[in-house]
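Hi,

Here is the structure I promised to pass on.

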Amino acid sequence: MQDLIGDIDVLGETGTPADQLRVLADQNTGKARKLYIESYGCQMNFSDSEIVASILQKEGFDTTSDINQADLVFLNTCSIRDKAEQTVRNRLTQINGLKKGKPEMLVGVLGCMAERLKTKLLEEENIVDLVAGPDAYRDLPQLIAQVDDGERAVNTFLSREETYGDITPVRLNTNGVTAFISIMRGCDNMCSFCVVPFTRGRERSRNPHSIVNEAKDLFDKGYREVTLLGQNVDSYKWSEEENNKAWLEKKGVGSYINFAGLLEMVANVNADLRVRFSTSHPKDITDEVLHTMAMHENICKYIHLPVQSGNSRILELMNRGYSREWYLKRIAKIREILGDDCGLSSDMITGFCSETEEEHAETLSLMDKVIFDYAYMFFYSERPGTPAAKQFKDDIDPEVKTRRLQEIIKKQRAHSLLSNQRDIGKEFNVLVEGTSKKSGEFLQGRNSANKVVVFPKENFKKGDYVSVIIDSCTSATLIGTTIDGTAKSKIII
Ligand code: SAM
Ligand code: SF4
């Protein structure tokens, strides 16, 4: 199956493709040892790697982007689909070759794969010296010392409180304009196909004051956009007394800050700081959140709302907690409160256990009703230990999964183009993120709806807000011209 197709995204230049790899950039502060980190999977993992670099900076490590210079190599891994794990195993085989010429180099596996496989990873991959799960990063100095002493080291303890709220991530791979802020960890949802609740543990919310301080600090350093990150941001719940959602609810804590409250706090940091968030959950996104978005100009009008399937029976088997009708009602509410220009994207899985042709056709028809701007689309990959793996048979033929995936990709490409064509002639305020990848004569940024906009450079620079009229488009990019040749100092969305 892996060879048949890869996971495919149709996001073009925006968003984070599912199995993308990122390497932390060079940090030259004269530390004794060099750390090389490769991160796989979601934005949360990239964010965690910055926390790891911050912890190890204090322990005498500078990061390097060149694996040949490294004393310590970390792979921060993803388990969401089988393909993601296979990619890491292939990479370990390559690194093994390198280690033969440099036996003193330490190799560690972090993140979801470390958590899922625990000591099994040490048995299966001889090259690995250290295994640390997502909640064990404060223990890394101790684990590295253990390896320095000639032992292999493992910590896959999942915490009920850890949020790394007090650790300022070192931001190395940055454009200096947009940044991610982790607001919560774990997930309590138990979607039947998903490994995340097992690899990232229970849901915990980070102290909102530390989130606001991080946003303020970023603004003072010249950043103009923050994205608040969590597996299910709408379920954010924090009180002084308790940050673990299940415990907070069990104790009946009546006074807490919810996601709408947090959004408001971050939006108030500065009117010139744009705020985004991801990921929203269709069963949890509230009208209060939508009204908060409408009230603040600097909260971007864009929602990533994964539907997974357009059929209610499949959604039930997936344990998503909503039906097709519920999802379409939430979309109608978004349109009512935030208007037609609010950006919408989604995640979809084809070929889930027992999915019929008619049920697959309902995913296609839901896409026709909503017209997403873009989507991440996957075929179902059974993950060991998940409720779906235990209860249902992965019975859809690989060729059928592939064909269904190609059908939704084809439809999404057409919808992305249609959605962009509808923007021709409209004026958007664009936050400049840098030079266009295709030409040094053009700049690139995003509008409020998260669409990539390219326009002539003139005298604009990174971090400016620029009014752009859209003249043409591709399915991935809007192309336009500036209106008055002057950078706006304030956001007009
Ligand atoms: N928490 C987010 C949510 O519920 O929408 C998404 C988390 S997950 C990292 C990102 C996406 O991966 C999911 O929305 C789903 O579409 C996809 N995914 C998760 N498990 C999968 C599996 N076993 N096979 C295929 N795709 C999967
Ligand atoms: Fe996985 Fe569902 Fe949690 Fe998303 S909400 S991380 S899909 S269990």
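Below is what turned up, starting with how to read the numbers.

This is a predicted model, in which local features need pLDDT of at least 70, side-chain atom pairs count only at pLDDT 80 or more, and totals for chains, interfaces and linings use all residues. Residues are numbered from 1 along each chain as its sequence is written, chains are lettered from A and ligands numbered from 1 in the order in which they are written, and side-chain values use heavy atoms, with hydrogens and water left out.

β19 (residues 427-435) and β22 (residues 465-473) pair antiparallel over 5 bridges, and N429 sits opposite S467 in β22.

There's also an open sheet of 3 strands, β9-β12-β15, with parallel pairing. β9 (178-182) and β15 (274-278) are at the edges with a single partner strand each, so one side of each has no neighbour in the sheet. The twist averages 25° from one strand to the next. β9 pairs with β12 (residues 225-229) in parallel over 5 bridges, with T178 opposite E225.

Finally, ligand 2: the residues around it include C187, C191, C194, H281 and R320 (a residue counts as near if one of its heavy atoms lies within 4 Å).

Cheers

Definitions and conventions
Two strands pair if DSSP finds at least two bridges between them. Helices (H or I, at least four residues) and strands (E, at least two) are DSSP runs, numbered from the N terminus. Axes are lines fitted to C-alpha atoms, for helices over the stretch in contact, and angles run from 0 to 180 degrees between N-to-C directions.
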